[in-house]
Amino acid sequence: MIANGVEDEEKWLAAGIAGLQQNAFYMHRALDSNNIRDVLKYSAQMLSELRTSKLSPHKYYELYMRSFDELRKLEMFFKEETRRGCSIIDLYELVQHAGNILPRLYLLCTVGSVYIKSNEAPAKDVLKDLVEMCRGIQNPVRGLFLRSYLSQVSRDKLLDLGFEYERDADTVMDAVEFILQNFTEMNKLWVRMQHQGPAREKEKREKERSELRDLVGKNLHVLSQIEGVDLDMYKDTVLPRVLEQVVNCKDELAQFYLMDCVIQVFPDEYHLQTLEVLLGACPQLQPSVDIKTVLSRLMERLSNYAASSPEVLPEFLQVEAFSKLNNAIGKVIEAQIDMPIFGAVTLYSSLLTFTLHVHPDRLDYADQVLGACVKRLSSKGKLDDSRATKQLVALLSAPLEKYNDVVTALKLSNYPQVMKYLDSETNKVMASVIIQSIMKNNTYISTVDKVEALFELITGLIKDLDGMLEEVDEDDFKEEQNSVARLIQMLDNDDPEEMYKIMCTVRKWIMTGGPRRLPFTVPPLVFSSLKLVRTLQGQDENPFGDESSTTPKKIFQLLNQTIEVLSTVPAPELALRLYLQCAEAANDSDLEPVAYEFFTQAYILYEEEVSDSKAQVTALHLIIGTLQRMHVFGVENRDTLTHKATGYSAKLLKKPDQCRAVYGCAHLFWVDDQDNMKDGERVLICLKRALRIANAAQQMSNAARGSTGSATLFVEILNKYLYFFERGNPQINAAAIQSLIELITTEMQSNSSTPDPAADAFFASTVRYIQFQKQKGGAIGERYEPIKA
């Protein structure tokens, strides 16, 4: 059925075009021979094709445009005729003899445009005559196109100060009156279209009406281009007349389109000065009108106008634009009871954007908008509408984008209240946006109150909302928690007391995060606290004995309690690393008992929690490296810790790991910048033990695989010998090094050893180093001289 209808319409259109072209051909012949009667005859027959009711507006437009092109040629002919002496008044009367009213009115409009230009009669009288006579066509489609043609041919006759051919004081008003009258009649025809035809085709008719809307809107566009329409005329005449027509037509499509037209075509300063009148019409529109889009576009235009020049801002204050818009939105939301939450949030989002552009210094205005939004949301609970959620994110992002400073947004008391209405996932997205804003703008948060407010906003990232354990992508989760970790580094205050309070506040929040989050959030807290410790070094005890003051010891107590939580997560390797970091900081602060306690905790974790062999090797090397740098310990404490470390080394599972850990322990007995920690004999004991373990590893390999394996361990030990030899350890002499070189050479040449290019290259490089040191000369050269490499 639909296909048949389309085919029929194509046939009717083809027939209409054929008839039009045929009559146009005869009209052209008459034009060439200057035969006016034939010209009028064939032009009327040509225009009769526009009397059809069988075509949809889209197809009718095709036919109309072909007729329009022919009418332009006809208009040129009439102009030529008047130049040759033909009376335009006679022509104007002559065309009225056309048999049918539609062709007659098209011809009248065409001759009328020439009549106005001839200046033989007052233009306003001619136009008034034409606009009145066009009422003879009441078919909506035909009437709209006819009046559109009238508007088109008269457009260039309407000048910036009224009519091109008249200069009296009322010319502008006459031009305005003509356009408004034509606009009113066209709107009535356009609205009437919805009642033509059966109810089942209503949707189709609405689509057709939508296609024709620009014909009506062109009138407003022409009005806006008349320079003589100043603010007073717009305020007193144009806007009231247009709005009266908009409100009274009671048609959803017309009201939405025309309100949008008014906003788009007239200047921004006019809107600003007539804001009350324009906004007053909004609550009177039909409840189904998409008023949120209309008001949003109005506020967007006003925002851009405010941003265009600082000089216009006083105008906004003068007319109290914010107050009027705020009240209007409130009234619209009250009037449209069924307005979805998406619409209300969109309105508040647009109003906030407007406020931030026009009144950036008035945070109370921004907070007022957020408060109104909270009030509207309070009856809804968490949003489940994705469009409303998107608008709410836009609302919350606006202050961050405008101020580029989260601290300013934190001053808005209703900001966190709005965030509570986001669902858990979106809440986390918004929290990430806030953190990104802080990072991007390098914003430092420096007071406890602001930190508290900030963490209130990003709660979604710090703990599971609603007490539910959420299933999230592992990579996304890591990225979220890393962003929180980066945020902790942006909390800073030069006052140690305030900074300590900030650290306590952060600790309180991150401890609620559960075992999954703590490994991400505890380390940055520890390092921020250690940074504070380093600013307080040397202030172990407050000279005034004030217990409430911040001291390194007090911070270390907090850190001990914090890291202890990690061992229950469990994250023993991370906790061990942090204990060692704290021990090193305590060492720098000369707090021996504190440093010893941290080492004790690290050792306990190593013994009880670290079971993986690779993790043990890594942890042990960290312990040895940290302990080697410690200078705060007395002899007894250092011996205890060193003895433990060497004991752990001997208990590692794999022989190569044992060997490396044992020769690493040699550094614990020889610290270059501390004379009281240079025990050459114990260094030698460690190195000899390492050699024995390396030898045992060779034998085990020979027994298990039939080959002694690589000599890499021996080359590594040789390098340790050379290190301590250069440092002046009296127990390490050239003879010991010589014998070790010979041992390695023998091993590598042995038939049972496994070829290892890496070990060969390592040994060759070590030998070259020895030769290089010999060639240096001086004291070093002398020491290396006895070694035959």
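Rings of Phe, Tyr and Trp (for Trp, the six-membered ring) pair if their centres lie within 6.5 Å; planes under 30 degrees apart count as stacked, over 60 as edge-to-face and the rest as tilted. The model is predicted, so local features need pLDDT of at least 70 and side-chain atom pairs count only at pLDDT 80 or more, whereas totals for chains, interfaces and linings use all residues. Residues are numbered from 1 along each chain as its sequence is written, and side-chain values use heavy atoms, with hydrogens and water left out.

**Aromatic pairs**

The structure holds 27 aromatic pairs. Select Phe556 and Phe598 to begin: this pair is edge-to-face, with 5.7 Å centre to centre and 70° between the planes. Phe556 belongs to helix 28 (residues 552-566) and Phe598 to helix 30 (residues 592-608), so the pair ties together parts that are 42 residues apart in sequence. Helices here are DSSP runs (H or I, at least four residues), numbered from the N terminus. Phe556 counts as buried at 2% relative accessibility, and Phe598 counts as buried at 2%. Buried means under 20% relative accessible area, exposed over 50%, and partly exposed in between (1.4 Å probe, protein chains only).

Next, select Tyr723 and Phe724, an edge-to-face pair with 5.0 Å centre to centre and 85° between the planes. Tyr723 counts as partly exposed at 25% relative accessibility, whereas Phe724 is buried at 0%.

Then select Tyr60, Tyr61, Tyr64, Phe68, Tyr106, Phe145 and Tyr149, which ring pairs link into a cluster.

**Charges over rings**

Select Arg362 with Tyr365: the charged end of Arg362 sits over the ring of Tyr365, 4.1 Å from its centre. A charge sits over a ring if NZ of Lys or CZ of Arg is within 6 Å of the ring centre and within 35 degrees of the ring normal. Move on to Arg387, whose charged end sits over the ring of Phe342, 4.2 Å from its centre.

**Cys373**

Select Cys373 in helix 18 (residues 363-377). Cys373 is buried, with a relative accessible area of 1%. Apart from neighbours within four places in sequence, Cys373 is in contact (heavy atoms within 4.5 Å) with Tyr348, Leu392 and Leu395.

**Helix 6**

Finally, select residues 123-133, helix 6, where the buried residues are Ala123, Val126, Leu127, Leu130 and Val131. Viewed down the axis of helix 6, these buried residues fall within an arc of 125° (taken from the directions from the helix axis to the C-beta atoms), so they line one face of the helix.

Technical notes: Helix = DSSP H or I, 4+ residues; strand = E, 2+ residues; numbered from the N terminus.
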